Amino acid sequence: MNDNQKSPLIKLVYFSEAITPLDNLDVEMILKGAREKNHDHHVSGMLVFCNSFFLQCLEGPRAEVNEIFDAIHSDARHFNMNIVEVSEIQKRQFPDWDMDYIGDVLMKKLDLDLDLPELEEYEQFYPPHLSAETLEKILVHMRKLKTS
Ligand SMILES: Cc1cc2nc3c(=O)[nH]c(=O)nc-3n(C[C@H](O)[C@H](O)[C@H](O)COP(=O)(O)O)c2cc1C
(Lines give C-alpha, C1' and ligand atoms only; values in the text may rest on other atoms or scores of the structure.)
Protein backbone atom coordinates (compact mmCIF):
# COMPACT_ATOMS: atom_id res chain seq x y z
CA MET A 1 0.00 0.00 0.00
CA ASN A 2 1.61 3.30 -1.11
CA ASP A 3 1.02 6.11 1.34
CA ASN A 4 0.76 9.73 0.38
CA GLN A 5 2.75 11.47 3.08
CA LYS A 6 0.58 14.61 2.87
CA SER A 7 -2.49 12.90 4.21
CA PRO A 8 -2.48 11.74 7.85
CA LEU A 9 -2.96 8.01 8.28
CA ILE A 10 -5.58 6.85 10.75
CA LYS A 11 -6.84 3.59 12.11
CA LEU A 12 -10.45 3.01 13.11
CA VAL A 13 -11.64 -0.04 15.03
CA TYR A 14 -15.30 -0.90 15.58
CA PHE A 15 -17.48 -3.88 16.33
CA SER A 16 -21.07 -4.60 15.30
CA GLU A 17 -23.61 -7.43 15.19
CA ALA A 18 -24.83 -9.26 12.12
CA ILE A 19 -28.54 -8.72 11.45
CA THR A 20 -29.10 -12.32 10.30
CA PRO A 21 -27.09 -15.52 10.81
CA LEU A 22 -24.20 -15.51 8.34
CA ASP A 23 -21.70 -18.15 7.32
CA ASN A 24 -18.14 -17.69 6.08
CA LEU A 25 -19.34 -17.60 2.49
CA ASP A 26 -21.77 -14.74 3.22
CA VAL A 27 -18.96 -12.73 4.79
CA GLU A 28 -16.67 -13.46 1.85
CA MET A 29 -19.46 -12.09 -0.39
CA ILE A 30 -19.62 -8.89 1.67
CA LEU A 31 -15.89 -8.51 1.25
CA LYS A 32 -15.75 -9.28 -2.47
CA GLY A 33 -16.60 -5.75 -3.57
CA ALA A 34 -15.21 -4.24 -0.39
CA ARG A 35 -11.67 -5.34 -1.16
CA GLU A 36 -11.71 -3.68 -4.56
CA LYS A 37 -13.10 -0.48 -3.10
CA ASN A 38 -10.59 -0.52 -0.23
CA HIS A 39 -7.76 -1.00 -2.70
CA ASP A 40 -8.92 1.99 -4.75
CA HIS A 41 -9.13 4.08 -1.56
CA HIS A 42 -5.76 2.88 -0.17
CA VAL A 43 -7.56 1.38 2.80
CA SER A 44 -6.26 -1.80 4.42
CA GLY A 45 -7.31 -3.77 7.48
CA MET A 46 -8.83 -6.83 8.99
CA LEU A 47 -12.35 -8.12 9.57
CA VAL A 48 -13.11 -10.73 12.22
CA PHE A 49 -16.48 -12.49 12.25
CA CYS A 50 -17.28 -14.72 15.19
CA ASN A 51 -20.30 -15.45 17.37
CA SER A 52 -22.42 -13.14 15.13
CA PHE A 53 -20.10 -10.19 15.88
CA PHE A 54 -17.95 -8.27 13.44
CA LEU A 55 -14.72 -6.68 14.61
CA GLN A 56 -13.04 -4.56 11.98
CA CYS A 57 -9.92 -2.44 11.77
CA LEU A 58 -9.76 0.05 8.90
CA GLU A 59 -6.55 1.98 8.25
CA GLY A 60 -5.53 4.45 5.59
CA PRO A 61 -5.67 8.16 4.70
CA ARG A 62 -8.11 9.91 7.04
CA ALA A 63 -10.61 11.11 4.42
CA GLU A 64 -10.69 7.69 2.73
CA VAL A 65 -11.20 5.76 5.96
CA ASN A 66 -14.05 8.14 6.81
CA GLU A 67 -15.66 7.61 3.41
CA ILE A 68 -15.48 3.82 3.68
CA PHE A 69 -16.66 3.90 7.28
CA ASP A 70 -19.66 6.01 6.24
CA ALA A 71 -20.71 3.33 3.74
CA ILE A 72 -20.19 0.53 6.28
CA HIS A 73 -22.14 2.44 8.90
CA SER A 74 -25.17 2.67 6.58
CA ASP A 75 -25.05 -1.03 5.73
CA ALA A 76 -28.27 -2.78 6.79
CA ARG A 77 -26.52 -6.14 7.19
CA HIS A 78 -25.30 -5.22 10.66
CA PHE A 79 -26.34 -3.08 13.63
CA ASN A 80 -25.22 -1.89 17.10
CA MET A 81 -22.06 -0.42 15.66
CA ASN A 82 -19.62 0.61 18.41
CA ILE A 83 -16.46 2.56 17.70
CA VAL A 84 -13.65 1.17 19.85
CA GLU A 85 -10.76 3.36 18.77
CA VAL A 86 -9.78 6.05 16.29
CA SER A 87 -6.14 7.13 16.25
CA GLU A 88 -3.54 8.68 14.02
CA ILE A 89 -0.84 6.17 13.08
CA GLN A 90 2.64 6.41 11.57
CA LYS A 91 2.59 2.94 10.08
CA ARG A 92 -0.09 0.49 8.97
CA GLN A 93 -0.61 -2.76 10.87
CA PHE A 94 -2.06 -4.53 7.82
CA PRO A 95 -0.19 -2.95 4.89
CA ASP A 96 -0.67 -5.90 2.54
CA TRP A 97 -4.35 -6.55 3.06
CA ASP A 98 -7.20 -4.79 1.26
CA MET A 99 -9.26 -6.45 3.99
CA ASP A 100 -8.26 -9.77 5.45
CA TYR A 101 -10.94 -11.99 6.95
CA ILE A 102 -10.82 -14.14 10.07
CA GLY A 103 -13.67 -16.57 10.74
CA ASP A 104 -14.60 -18.76 13.70
CA VAL A 105 -12.00 -21.43 13.03
CA LEU A 106 -9.01 -19.18 13.58
CA MET A 107 -10.80 -17.39 16.40
CA LYS A 108 -11.09 -20.71 18.25
CA LYS A 109 -7.29 -20.78 18.38
CA LEU A 110 -7.33 -17.54 20.38
CA ASP A 111 -8.18 -19.25 23.66
CA LEU A 112 -5.30 -21.63 23.26
CA ASP A 113 -2.70 -19.09 22.15
CA LEU A 114 -3.43 -16.03 24.23
CA ASP A 115 -3.69 -15.52 27.92
CA LEU A 116 -6.71 -13.22 27.95
CA PRO A 117 -8.63 -13.45 31.23
CA GLU A 118 -11.39 -11.25 29.81
CA LEU A 119 -12.04 -13.81 27.06
CA GLU A 120 -12.01 -16.74 29.46
CA GLU A 121 -14.52 -15.02 31.68
CA TYR A 122 -17.13 -14.83 28.91
CA GLU A 123 -16.11 -18.03 27.11
CA GLN A 124 -17.46 -16.74 23.80
CA PHE A 125 -16.22 -13.85 21.70
CA TYR A 126 -18.37 -10.99 23.01
CA PRO A 127 -16.85 -7.61 22.06
CA PRO A 128 -19.23 -5.45 24.18
CA HIS A 129 -17.47 -6.81 27.26
CA LEU A 130 -13.91 -6.53 25.95
CA SER A 131 -11.57 -3.57 26.39
CA ALA A 132 -9.99 -1.76 23.45
CA GLU A 133 -6.67 -3.23 24.57
CA THR A 134 -7.95 -6.81 24.40
CA LEU A 135 -9.61 -6.24 21.03
CA GLU A 136 -6.33 -4.82 19.74
CA LYS A 137 -4.44 -7.88 21.05
CA ILE A 138 -6.89 -10.12 19.18
CA LEU A 139 -6.35 -8.24 15.91
CA VAL A 140 -2.56 -8.27 16.28
CA HIS A 141 -2.55 -11.96 17.16
CA MET A 142 -4.74 -12.79 14.17
CA ARG A 143 -2.32 -10.95 11.90
CA LYS A 144 0.54 -13.05 13.30
CA LEU A 145 -1.39 -16.29 12.74
CA LYS A 146 -2.17 -15.29 9.17
CA THR A 147 1.41 -14.40 8.35
CA SER A 148 3.12 -17.30 10.15
C1 LIG B 1 -19.26 -5.90 8.51
C2 LIG B 1 -19.08 -5.21 7.19
C3 LIG B 1 -17.81 -4.82 6.81
C4 LIG B 1 -17.62 -4.16 5.60
N5 LIG B 1 -16.35 -3.77 5.24
C6 LIG B 1 -16.18 -3.04 4.13
C7 LIG B 1 -14.90 -2.53 3.78
O8 LIG B 1 -13.89 -2.79 4.43
N9 LIG B 1 -14.80 -1.77 2.66
C10 LIG B 1 -15.89 -1.48 1.88
O11 LIG B 1 -15.73 -0.78 0.88
N12 LIG B 1 -17.10 -1.97 2.18
C13 LIG B 1 -17.27 -2.74 3.27
N14 LIG B 1 -18.52 -3.24 3.56
C15 LIG B 1 -19.60 -3.01 2.60
C16 LIG B 1 -20.14 -1.62 2.72
O17 LIG B 1 -21.04 -1.55 3.80
C18 LIG B 1 -20.85 -1.17 1.43
O19 LIG B 1 -21.82 -2.12 1.08
C20 LIG B 1 -19.87 -1.04 0.29
O21 LIG B 1 -18.80 -0.20 0.67
C22 LIG B 1 -20.55 -0.43 -0.97
O23 LIG B 1 -21.01 0.83 -0.65
P24 LIG B 1 -21.50 1.85 -1.77
O25 LIG B 1 -22.55 1.11 -2.54
O26 LIG B 1 -22.01 3.03 -1.01
O27 LIG B 1 -20.26 2.17 -2.59
C28 LIG B 1 -18.74 -3.90 4.77
C29 LIG B 1 -20.00 -4.32 5.17
C30 LIG B 1 -20.18 -4.96 6.37
C31 LIG B 1 -21.55 -5.40 6.79
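Biologist: Where is His42 found?
Modeller: His42 sits in the loop between α1 and β2. Helices (H or I, at least four residues) and strands (E, at least two) are DSSP runs, numbered from the N terminus. This is a predicted model: local features need pLDDT of at least 70, side-chain atom pairs count only at pLDDT 80 or more, and totals for chains, interfaces and linings use all residues. Residues are numbered from 1 along each chain as its sequence is written.

Biologist: Why is His42 called partly exposed?
Modeller: Let's start with the cut-offs. A residue is buried if 20 or more other C-beta atoms, placed from the backbone, lie within 10 Å of its own, exposed if 12 or fewer, and partly exposed in between. His42 has 19 other C-beta atoms within 10 Å, so it counts as partly exposed.

Biologist: What makes the phi of His42 worth a look?
Modeller: Most residues other than glycine have a negative phi. His42 is not a glycine, yet its phi is positive, at about 60°. Ser52, in the loop between β2 and β3, also has a positive phi, near 70°.

Biologist: And why does Ser52 count as partly exposed?
Modeller: Ser52 has 16 C-beta neighbours inside 10 Å, so it falls in the in-between class.

Biologist: What makes β2 mostly covered?
Modeller: Strand β2 covers residues 44-50, and seven of its seven residues are buried. In a regular strand the side chains alternate between the two faces of the sheet. Here Ser44, Met46, Val48 and Cys50 point one way, Gly45, Leu47 and Phe49 point the other way, and all are buried.

Biologist: How do you know that β2 and β3 pair?
Modeller: Two strands pair if DSSP finds at least two bridges between them. β2 and β3 share seven bridges, in the antiparallel sense, and Cys50 has Phe53 as its bridge partner. Their hairpin has two residues between the strands, and there Asn51 takes a positive phi near 55°.

Biologist: Why is the pairing of the sheet called mixed?
Modeller: Strands can pair either parallel or antiparallel. The open sheet has five strands in the order β4-β1-β3-β2-β5, with mixed pairing. β2 and β5 are parallel, over three bridges, whereas β1 and β3 are antiparallel, over nine bridges.

Biologist: Which strands stand at the edges?
Modeller: β4 (78-89) and β5 (100-102) do; each has a single partner strand, so one side of each is left without a neighbour in the sheet.

Biologist: What lies across β1, β3 and β4?
Modeller: That is helix α2, which runs at about 155° to β3. Axes are lines fitted to C-alpha atoms, for helices over the stretch in contact, and angles run from 0 to 180 degrees between N-to-C directions. Contact means that two C-beta atoms, placed from the backbone, lie within 7 Å.

Biologist: Which residues come nearest to the ligand?
Modeller: Of the 14 residues around the ligand, they are Ala34, Lys37, Phe54, Ala71 and Asp75. A residue is near a molecule or strand if its C-beta atom, placed from the backbone, lies within 6 Å of it. α1 gives the most to this shell, with four residues.

Biologist: How many residues of the shell are nonpolar, polar and charged?
Modeller: Eight are nonpolar, three polar and three charged. Ala, Val, Leu, Ile, Met, Phe, Trp, Tyr, Cys and Pro count as nonpolar, Asp, Glu, Lys and Arg as charged, and the others, Gly among them, as polar.
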